[in-house]
Amino acid sequence: MSQKEFPTHARVVIVGGGVMGVGLAYHLGHEGWGADTVLLEKAELTSGSTWHAAGQITHSTSSFSLGKCVDYNIGLYSGGLERETGQPVTWHGCGSFRLAYTGDEMDWLRHTLSVGRALGFNIELVGPDRIAELHPFYNLDGVLGALHTPDDGHVDPTNVTMAMAAGARAKGVRIFRHTRATNITQAPSGEWVVETDKGIITCEHVVNAGGTYARQMGEWSGLQLPMTSMTHHYFVTEPVPEFEALDKELPVIRDDKKVSGYIRMEQKRGLIGIYEKANPNAVWIDKCPWDYENWLFDADYDRVMPWLEESLNRMPIFAELGIQREVHGAISHPPDGNPLIGPAPGVKNYWCCCGTQIGIGWGPGLTRELARWMVHGAADISMRDYDPRRFGSYATKEWLVVTAKEDYCLRHEIPFPHFNRLAGRPVKPSPLYERLKAKGAVYEEVYGHERPRWFARDGVEQRDYYGFGRTPVHDVVGAECRAVRQAVGIMDISAFTKVEVSGPDAERLLDGLVANRLPQKVGGIALTHMLNRRGRIELETTVVKLAEGRFYLVCAAFFEQRLLDHLAAHRGGADVTVTCLSTDWAALALNGPRARDVLAACTDADLSNAGFRWLSAQEIEVAGHRLWAFRMSYAGELGWELHIPRDSALAVYDALWAAGTPHGIADYGSFAMNALRMEKAFKGAGELTNEVTLAEADVLRFARTDKDYLGKDRTLNSDLPWVCAYLSIAPDGKHDGHGGEAVLMEGRRVGSTASVAFGHTVGQVLAFAYVKPEAATPGQSLTVIIAGAPREATVLGQPAHDPDSLLPRTDATMVLAT
């Protein structure tokens, strides 16, 4: 078929011809699917949001996965794409500065510097003198320093997209401009039917790359894609006389505090971009202007004036110049600011390539990973932050507008670790929400659920935990950890995903998807992993056998839709019923040496080792309410998880609290839970990602060789470019790290941290890090760069706390003896 002949069938149809859609077409071509891919654009390529982008890109990112993408993109823009296609991309490699005015901003830059070191970036922290040397026109009053990234720059968005389009066509991709898609539906066969004004195309995979039109396109297929279009300004000044004599371009300035945006040269003019921190503007909430292209809004000077005036104060040479061009265009904003890259929830082979507010900066790298995901079954970077299934049905249109406005206002704020976004909350409060809130619970939102992070007390309030170094919350969390280790702690874990799989074929279906052996006895519990066809980790789950042909799966909250989709994709004709109980059931964790005493006061069940063995489940009555009790502990202590019908949860909690008061019972939250699991060397979501196999994650003990399961050969026979090591890091009393920090061996970069936490029981900073295999030997001395400074570290060969795991198996007589 010729490039011009309109097709009726294709393997892939991409709808949308901006940088995201064309980037995906380009990378599908490089992954071998070019001849089977069709791209449709309703007008000209780039005529949506891409054409009016400022086109900047920076290595200044604290996200390890996003850092991999931007580094690839800069390499592509600065030479690789033009060499491949012969098409100009107009790369301006001028470098950039990100300025800091406060100690918190300096801490952010130091953390970003460490992440950049881990990724091998050309990056340095500099003082005002160096900034003035490279950019003599910027007013540096109050500036403490800056992150200098010399390899950064900006590029012409249209040229980049056209060059990738040329590369895609060279690989066989067919691109049809002026071809508007009008509907996307799924046929009974599972194929997708794309209706256009030129005909109908039936395809195996459909991709929504609609940019600001993407949410409305999703509605054609019954999907509520979580994004809202927000408008953003940038302004181009008249020619700047001082720029005429320059022999090279000035670095881009990112000034988050004063300008809330960026300032750079645009040839011999100035360009000022502003993300105002008040009155953000959402548009096209209910419908899109389908007939428009290259659409811009009139400038709203009242909205941006405070920041525009400050930009002229910071660049005095602009002050007497007029504005020659106003650009006020729409950009997509998901609730958390991260793009939607991956499968749409609840359907097969509908892919999202949208919701990207920084398409030029992030697009090519993310579309490369999406192409790998589509073709090979998994991306090569962690996609947790971008997977569209991280949101659920709670993400209504009204909620999306509220959260998108919040995200817009946070675009140029310090991205503090664990920053708690509060707009649109609470969404899915547990039955304990009001009770725990009255006791000081500081909540976080996970997949819509409200989960306690820590409990404010002793004058420490919610605002006190923002910082890259230790905050007053450090000691509060330490007290929660000590309560669990020394007495008994209780935590609301209702946010966990809870799914029941039942029916005649339930065991057969699950056995083909999990790497470990399923529990054989009723009441048995198994920790296991589900893999994709590349042998990479899809998710970790606990499986409980409630009865013959009836299994209960528990996993992290954000895996809910991924688990449901994984089961649906592989069930075939299996006679099973899958029931999501995440909201209908609540759950409590009761942990600590006095956990048995507390629970025994509320139940007649035999809780001894003989009557209730470790890693087993029983249906028991607690305070007059029937529930499932699982003897297991993520804290590594004597403990139970209690899974409870929602209406009974508060009564059970109150009874346990009353029984625990004589024993010093305390509430604890996810911060303490994380510190406790790190002391026990239990791997979590930061380590178990789609990037790694079971061998790389060092969890092969949970895999079996005597059974078949999805991904088995790839996970058991994989090379080991890296291994997950468990580290003890020397504490400095100020900074403990946040993940993504560079790990060095004898001065050579060998990896990066995945999770970091202070172990209050053992008095050490503990980390999991993915490092080269030669660096993972127990006893090996390493260096970790935390807050810009080197720290000594040692690879541990066993958990820092209770290495023989005796405490969770403690019998009643042993507790009485103590």
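Start by selecting α1: Val19, Met20, Gly21, Val22, Gly23, Leu24, Ala25, Tyr26, His27, Leu28 and Gly29 are its buried residues. Buried means under 20% relative accessible area, while exposed is over 50% and partly exposed in between (1.4 Å probe, protein chains only). Before you go on, note that this is a predicted model, where local features need pLDDT of at least 70, side-chain atom pairs count only at pLDDT 80 or more, and totals for chains, interfaces and linings use all residues. Residues are numbered from 1 along each chain as its sequence is written, and side-chain values use heavy atoms, with hydrogens and water left out.

Stay on α1 for a moment. With 11 of its 12 residues buried, α1 is largely enclosed by the rest of the structure. Helices (H or I, at least four residues) and strands (E, at least two) are DSSP runs, numbered from the N terminus. Just past the end of α1, click on Gly32, which has a positive phi of about 100°.

Now pick Leu24. Setting aside neighbours within four places in sequence, Leu24 is in contact (heavy atoms within 4.5 Å) with Ile14, Val207, Cys353, Thr367, Leu370, Ala371 and Met374.

Zoom out to the core. A nonpolar core is a set of buried Ala, Val, Leu, Ile, Met, Phe, Trp, Tyr and Cys residues joined through side-chain atoms within 4.5 Å. The largest one here has 47 residues, and Ile14, Leu24, Leu28 and Met374 have the most contacts inside it. Colour β1 (9–15), α1 (19–30), α2 (64–85), α5 (157–170), β20 (350–354) and α8 (359–376) to see the elements that give two or more residues to this core. The largest share, eight residues, comes from α8. A second, separate core has 36 residues, including Val38, Ile184, Phe391 and Ala557.

Next, select strand β5 (residues 96–100), where five of five residues are buried. Ser96, Arg98 and Ala100 cover one side, with Phe97 and Leu99 on the other. Look for its partners: strands pair if DSSP finds at least two bridges between them. Strand β7 (residues 145–149) runs antiparallel to β5, joined by five bridges, and Arg98 has Leu147 as its bridge partner there. On β14 the pairing with β5 is parallel, over three bridges, and Phe97 stands opposite Ile253.

Time for the rings. Rings of Phe, Tyr and Trp (its six-membered ring) pair if their centres lie within 6.5 Å; planes under 30 degrees apart count as stacked, over 60 as edge-to-face and the rest as tilted. There are 28 aromatic pairs in the structure.

For a tilted pair, go to Phe416 and Phe468: 5.9 Å centre to centre, 40° between the planes. Phe416 is buried at a relative accessible area of 15%, and Phe468 is buried at 5%. For a cluster linked by ring pairs, select Tyr213, Trp220, Trp284, Trp290, Trp295 and Phe297.

Last stop: charges over rings, where NZ of Lys or CZ of Arg is within 6 Å of the ring centre and within 35 degrees of the ring normal. Arg411 lies over the face of Tyr275, 5.7 Å from the ring centre. The charged end of Lys439 sits over the ring of Trp657, at 3.2 Å from its centre.
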